[in-house]
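The plan is to look up a few things and jot them down as I go.

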Amino acid sequence: MKHLLEVKNLAVSFKTHGGVVQAIRGVSFHVDKGETLAIVGESGSGKSVTSQSVMKLIPTPPGIYNSGQIIFDGQELISKTEKQMQKIRGKEIGLISQDPMTSLNPTMKVGHQITEVLFKHEKMSKDKAHKRAVELLTLVGIPRPEERYNQYPHEFSGGMRQRVVIAMALAANPKLLIADEPTTALDVTIQAQILELMKDLQQKIKTSIIFITHDLGVVAKMADRVAVMYAGQIVETGTVEEIFYDPRHPYTWGLLASMPSLDSNSGEMLTAIPGTPPDLIKPPKGDAFALRSAYAMKIDSEREAPLFKVSDTHFVKSWLLHPMAPAVEPPEAVKNKRRVLPGVYEQPVMVEQYEV
């Protein structure tokens, strides 16, 4: 089957005063039509750089596309000029950022900001663009859209501003929507509303979504498939069921073990991931997670593991999957999570809260 988006062996680095940061190191993944892929990991794992790379938003310099391909709807994007990418951004690929206030112009009425997208990408007349903007505000659940059309961003709550950003991202009917931590700045109740809105909109317009998050509750609610990132690499990928019920990489175990569930006893201790991510100016020789893993073997400090196939949809970058590796069971904290179906974690769970 032809993928809507296919990223192949992508490597991106940044020149800094301290050296060259190897932010993305051989990342490969795909997104199919109508699918939601969640990319999850700690801060600094490379999630946002990956999403920005897909849209060619990495400033060069200091950023460098060292190798790889980004193929979107049959087009190779890395070789495209900035002018060519401007026709794709917003029209073919939409973006929902973390903080709506950085996406909205405080000096422009929100309706005009939506019609600006329609003028640029859809070449609509003023009347048609106004009508479509009101329809979009209605679609994302903004009450009194005609009145709200003429208001400024500061007159909206945080949740309503994020709905406006979603309306702008959907204005040109993009085939792919990249949501980069879209609910992090919102309170728990509003987060839940925005997630439900995005799920409902996806079913209506059949767009594909890349959901960047460190919130494992969002993963359970939103995703069809999951890519777990660590130190600029994807270390495990699979369906939601495979990642929650049959995780194989020790880092995935650490993330899941640190996640509280609603059926937990009040005295349950959360498991922290020891240590910190490696310095990507000088990445480790072997497995980047080895120094933080209780399951590391000698080979982990010598050679980088290949991707081992668990199923047609489940791949793991760990020597523990090698036929000659010792049999290792995930910790009890991870096994206990299997008793709870994905999607029931009503409270968002931030990975960073439980890191050491």
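Predicted model: local features only at pLDDT ≥ 70, side-chain atom pairs only at ≥ 80, totals over all residues.

Entry 1: I started with Asp 200, which counts as partly exposed at 32% relative accessibility. Which residue does Asp 200 form a salt bridge with? I found Lys 204, with the closest N and O atoms 3.2 Å apart. Both sit in helix H8, four residues apart, or about one turn of the helix. Lys 204 has a relative accessible area of 52%, and the line for exposed is drawn at over 50%, so Lys 204 is exposed.

**Entry 2: other salt bridges.** I searched the whole structure and got 12 salt bridges. Glu 122 and Lys 91 form one of them, with 2.7 Å between the closest N and O atoms. This pair links distant parts of the chain: Glu 122 belongs to helix H4, while Lys 91 is in the loop between helix H2 (82-88) and strand S6 (93-96), 31 residues apart. Glu 122 is partly exposed at 26% relative accessibility, and Lys 91 is partly exposed too, with a relative accessible area of 25%.

I also looked at Arg 89, which forms a salt bridge with Glu 82 at 2.9 Å between the closest N and O atoms. Is Arg 89 buried or exposed? Its relative accessible area is 14%, and buried means under 20%, so Arg 89 is buried. Glu 82 is partly exposed, at 42%. Asp 73, Glu 92 and Lys 175 turned up linked in a network of salt bridges.

**Entry 3: His 3.** I went to the segment before S1, where His 3 is found. His 3 is partly exposed, with a relative accessible area of 22%. Leaving aside neighbours within four places in sequence, I see His 3 in contact with His 30, Val 31 and Asp 32. The side chains of His 3 and Asp 32 make a polar contact at 2.5 Å. Asp 73 is 70 residues from His 3 in sequence, yet their C-alpha atoms are 7.5 Å apart in space.

**Entry 4: the four-stranded sheet.** I traced an open sheet with the order S2-S1-S4-S5 and antiparallel pairing. Strands S2 (19-31) and S5 (75-76) stand at the edges with a single partner strand each, so one side of each has no neighbour in the sheet. Strand S1 (residues 5-16) is joined to strand S4 (residues 63-72) by eight bridges, and Lys 8 stands opposite Gln 69 in S4. Helix H1 (residues 47-54) lies across S1, S2 and S4, at about 110° to S1.

**Entry 5: strand S9.** How many residues of S9 (residues 225-230) are buried? I get six of six. Arg 225, Ala 227 and Met 229 point one way, and Val 226, Val 228 and Tyr 230 the other. S9 pairs with S3 (residues 36-40) in the parallel sense over four bridges, but runs antiparallel to S10 (residues 233-239), with six bridges. S9 and S10 form a hairpin with two residues between them, and Ala 231 in the turn has a positive phi of about 50°.

**Entry 6: cores.** The largest nonpolar core has 36 residues, and Ile 96, Ile 114, Val 164, Ile 166, Met 198 and Phe 211 touch the most other members. Helix H7 gives the largest share, eight residues. Another core lies apart from it, with 32 residues, among them Leu 5, Val 31, Leu 176 and Ile 212.

Note on methods: Residues numbered from 1 in each chain as written. Heavy atoms only, no water. Buried < 20%, exposed > 50% of the residue type's maximum accessible area, 1.4 Å probe, protein only. Pairing = 2+ DSSP bridges. Contact = heavy atoms within 4.5 Å. Axes fitted to C-alpha atoms, helices over the stretch in contact; angles between N-to-C directions. Core = buried A, V, L, I, M, F, W, Y, C linked by side-chain atoms within 4.5 Å. Polar contact = N/O pair within 3.5 Å; in protein donor to acceptor, adjacent residues only side chain to side chain. Salt bridge = Lys/Arg side-chain N within 4 Å of Asp/Glu carboxyl O.
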